[in-house]
Amino acid sequence: FLTEESQISKEQYQQFIELLHETEPHLSLELVSCFEIIAINFGIRKGNRGKIEEYGEFVLALQKRRVETGRIFIEGVLMAREYQSIASFALLLKEFDWALKFIEANKYKVAGLMSSLEYYEFCLAMYKYHTGNKLEALRLLMDNEFEDLSCAISARILEIKILCTLELEGETKLKISEQLDARIEAGILFFFRLKGFPANVRTMLKRFMDTMKKIIRAKENRKWNILERIKKEVSEVDYIAERSWLLGIIDKILASKK
């Protein structure tokens, strides 16, 4: 039902979630958890294709339900991927107080390739970024060498987002432009070497980095018409990481020229 290729509408997706809630008392905990994860992954895929506004609230509601019922835990711990995903969606939807409470409550309960505290510091960096403390978020990211590949990818993208935002805000304490260029070039090389990731994920990451290079070049050369063209490309392409953020940055640059 909820496959990558399916043409399920938002209404059908909502009906599936409602049906799952209604039948939950008659299903085993393992089966309920399995259906929840499938539905969450489907919503995340939709969000990655530019429909976070349509599906984000359903994803977060399912994630909160898993937290409240304890279904996120396996023998007292939760998997790193789910910890990051729940924190990320809560922050994207501006549920800041709930997100921080969740991040702090599970500080020592995360299972993955790294220590629980390293996952905690990454999620805390996301929280700092979303709540306006960008320099502290950047410090947390740069003070850590994340061995978990998924976390390392997210950290590289977040660093670039922070540096780009600081540059637009006129931050003078750091050599932002030099750092931003270096991080983008390093990111392109890092993502080029990725092995074992699905093709669509690699495409999303590569397009993000390529788009950032185009944006910076157009901004430096004051090519506003090119920025408009980039904005159109970002809006229409199937797979690209951080679509909403990229569109927002382009709009800020275009507004600043006035």
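A salt bridge is a side-chain nitrogen of Lys or Arg within 4 Å of a carboxyl oxygen of Asp or Glu. In this predicted model, a search of the whole structure finds 16 salt bridges, and one of them joins Glu 36 to Arg 66, with the closest N and O atoms 3.0 Å apart. Glu 36 has a relative accessible area of 1% and is therefore buried, and Arg 66, at 2% relative accessibility, counts as buried too.

Arg 66 also forms a salt bridge with Glu 82, where the closest N and O atoms are 2.7 Å apart. Because Arg 66 lies in helix 2 and Glu 82 in helix 3 (residues 80–92), this pair ties together parts that are 16 residues apart in sequence. These residues belong to a network of salt bridges that links Glu 24, Glu 36, Arg 65, Arg 66, Arg 71 and Glu 82.

Elsewhere, Lys 161 forms a salt bridge with Glu 242, the closest N and O atoms being 3.0 Å apart. This pair links distant parts of the chain, since Lys 161 is in helix 7 and Glu 242 is in the loop between helix 10 (224–236) and helix 11 (243–256), 81 residues apart.

Helix 8 can be followed through its buried residues, which are Ile 176, Leu 180, Ile 184, Gly 187 and Phe 191. They cover an arc of only 70 degrees around the axis, so they lie on the same side of helix 8. The buried residues of helix 8 pack against helix 7 (149–168) and helix 9 (199–220), whereas Glu 178 and Phe 192, on the other side of helix 8, are exposed.

Conventions
Residues are numbered from 1 along each chain as its sequence is written. This is a predicted model: local features need pLDDT of at least 70, side-chain atom pairs count only at pLDDT 80 or more; totals for chains, interfaces and linings use all residues. Side-chain values use heavy atoms; hydrogens and water are left out. Buried means under 20% relative accessible area, exposed over 50%, partly exposed in between (1.4 Å probe, protein chains only). Helices (H or I, at least four residues) and strands (E, at least two) are DSSP runs, numbered from the N terminus. The arc is that of the directions from the helix axis to the C-beta atoms. Contact means heavy atoms within 4.5 Å.
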